[in-house]
Amino acid sequence: MLGIALLALSAGGCGLAAATPERDVLVPAEPTAIDFVDPATVVGLSTATITNKDDHSRYVHISYPELADAPGLNRALRAEAERQLRAFRAAKSVNGGYPRSELNVDWQLAARSPQAVAVRLRTGEFLGASWGNSTRTFWFDPRTGTASGSMALLGGQQALDRLTVLVKEQLKGREPQVERDGVRADPGQFDSMAFNQSGDLVVEFDDCQIGPCSLGRVAVAVQAGRVAPLLSELGRRAQESVREAARSAPPAGPETTPPTGPEASSNRAGSVNCARTKCVALTFDDGPGPRTGRLLDLLAAGKARATFFTVGTNAVTQPGLLRRMSAEGHLVGNHSWAHRDLSKQGTSKISDSFRRTDDSVRAAIGQEPTLARPPYGAISKDVRDVARELGLSLVGWDVNSRDEPGAKASEITDRVVRKAHPGAIILLHDTNPESIDAIPGILKELSGKGYTFVTVPELYGSAAMRAGRLYETGSTQSRKQPLT
């Protein structure tokens, strides 16, 4: 799914005429589009997540890949994530006390071969005025085990000087929107570079870097033949590996609308009558992650079922875990594509975020999600309207485990057990190791109190959940009240 050239969606008018094709080389329809690698095809890949929510004042969700055979790359990506987090915490809102500043980082694989691996980090930052977007691409050399920024593709400062001239040539005719004179031989401006299918070097600039912020993504593709003399040894190997992957890829078939599937439900739905039984619903956000498999083992051992609200970018990475969730009686729901606060977005972006995640879940389990939990629980009228249109019921919670990073497993267990009640919807995260460590205690203590663990829709029995409505608890008292 990520193998589709996603960047073409945001390229708008930024593309330039394609370079003259070389023999036996595929030329993408949009030369600045990068053909990303499907992470589900990469053995030993998992997703690491850093989250934080400081009393509704700052929202943080950072994800990046971890590859079993690239520890040097993992360390570099972790260091970059921590650097961005520190900078975000130090930044002041442009709107004084704006209560919901946000940092969001997601990723794509721009290359994966024995010759070179590339990870593109896409950062969005909101400080109270508008979103600012930037990209950084890291390259890993499997031969040396070292990870570097995009400048590692070039053969030094002279190569950067020449590339700067070529990029300015490509930008001719784009004035006054693009400020060509703003392009400098500065490594900070050339920190996101990768290759398209024909081996052209795609250079991306951040929002506001060489033009007005409203312009969006600005990128150029420098023809393969012109950039080849400028490349380092790693750069030459990376260029050829991307071209070889394009040559050996099966021909793309016609685009088709993904088929719809049956509504997602637990294969044990109806086995528990929550009108007569003390039921609670454990819900897990943000995964699947590296420890989700262990969590499923613990739930199976405790004969407990749960609802997983998966992030789309993680779902496409670990479809096997989604299939296991479904097979073992759990329910898979929608937690947006990249975990951005949807209440700040327009309807088209909200719809795209939900639809793409629906598609990834459907591709994995053959079922259509009917539940969605907006990131951070942030809901606007537009979020409700889009959810109604897409047939998604919105799910909140009434027991917050407060399992933020740094919380101890014993504290999480005590908090959940103390606040649990019949019909409770309990918020947890399967990306947090302490949360998973708390599960055995939660299952033991609540089972001892006579609770049964079910999926969210089972709390409502025959009173089906309605699309576009918000459900925060399944308690008997709340069911008698209108859910709006």
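The torsion about the S-S bond of Cys208 and Cys213 is about 125 degrees, so this disulfide is right-handed. Keep in mind that we are looking at a predicted model. The sulfur atoms of Cys208 and Cys213 lie 1.8 Å apart. Cys208 has a relative accessible area of 39% and is therefore partly exposed; Cys213, at 46%, is partly exposed as well.

How many disulfides does a search of the whole structure find? The count is two. The other pair, Cys274 and Cys279, is linked with an S to S distance of 2.2 Å. This link is left-handed, and both of its cysteines, Cys274 and Cys279, are buried. Numbered in sequence order along the protein chain, the bonded cysteines pair as 1-2, 3-4.

Here are the two links in brief:

| Disulfide | S to S distance | S-S torsion |
|---|---|---|
| Cys208 to Cys213 | 1.8 Å | about 125 degrees |
| Cys274 to Cys279 | 2.2 Å | -95 degrees |

Now to the strands. An open, antiparallel sheet is built from three strands in the order E7-E8-E9.

E7 is joined to strand E8 (residues 201-205) by three bridges, and Met193 stands opposite Val203 in E8. Helix H3 (residues 157-170) packs on the sheet and touches E7, E8 and E9. The direction of H3 makes about 110 degrees with that of E9.

Key: Residues numbered from 1 in each chain as written. Predicted model: local features only at pLDDT ≥ 70, side-chain atom pairs only at ≥ 80, totals over all residues. Heavy atoms only, no water. Pairing = 2+ DSSP bridges. Helix = DSSP H or I, 4+ residues; strand = E, 2+ residues; numbered from the N terminus. Contact = heavy atoms within 4.5 Å. Axes fitted to C-alpha atoms, helices over the stretch in contact; angles between N-to-C directions. Disulfide = S-S within 2.5 Å. Buried < 20%, exposed > 50% of the residue type's maximum accessible area, 1.4 Å probe, protein only.
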